[in-house]
Amino acid sequence: MIVGVYDENGELLSEEKSDVSLVKIMDQILNGGEFNLQKIIYANGPGSFMGVKVAYVVLKTISIVKECEFYAVSGFELNGG
């Protein structure tokens with residue numbers, strides 16, 4: 001799993017690559033104090049249906065708690081189809 005943190009200009013600030021759960025990666029990013037989270041964008045597929053659903057629930061919950069914007073995009077849009 002790869003999680004990237006970008007600034008408002010689209011510049012990559014931090015990238016976490018890990019085999020651990022999304023919750024652990026997000027905990028490091030959210031509680032590290034380095035970033036002011038304003039927006040979450042995640043790729044909603046392709047992939048395992050249950051994996052996509054779980055990622056959505058976790059990330060949507062974080063966006064509600066942190067009061068930030070939440071968007072989903074197709075993985076095909078990210079890699080040019």
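## Aromatic pairs

Rings of Phe, Tyr and Trp (its six-membered ring) form a pair if their centres lie within 6.5 Å; planes under 30 degrees apart make the pair stacked, over 60 edge-to-face, and the rest tilted. By this criterion, three aromatic pairs are found in the whole structure. In one of them, the ring centres of Tyr42 and Tyr56 are 6.3 Å apart with the planes at 50°, so this pair is tilted. Tyr42 belongs to strand S3 (residues 39–43) and Tyr56 to helix H2, so the pair ties together parts 14 residues apart in sequence. Helices (H or I, at least four residues) and strands (E, at least two) are DSSP runs, numbered from the N terminus.

The model is predicted: local features need pLDDT of at least 70, side-chain atom pairs count only at pLDDT 80 or more, and totals for chains, interfaces and linings use all residues. Residues are numbered from 1 along each chain as its sequence is written, and side-chain values use heavy atoms, with hydrogens and water left out.

## The ring cluster

Tyr42, at 10% relative accessibility, counts as buried (under 20% relative accessible area; exposed is over 50% and partly exposed in between, with a 1.4 Å probe and protein chains only). Tyr56 counts as partly exposed at 37%. The ring centres of Tyr42 and Phe70 lie 5.6 Å apart and their planes at 20°, so that pair is stacked. It links Tyr42 in strand S3 with Phe70 in strand S4 (residues 69–73), 28 residues apart. Phe70 is buried, at 17% relative accessibility. Ring pairs join Tyr42, Tyr56 and Phe70 into a cluster.

## Ser63

Helix H2 (residues 49–65) contains Ser63, which is buried at 3% relative accessibility. Beyond its neighbours within four places in sequence, Ser63 is in contact (heavy atoms within 4.5 Å) with Ile40, Cys68, Glu69 and Phe70.
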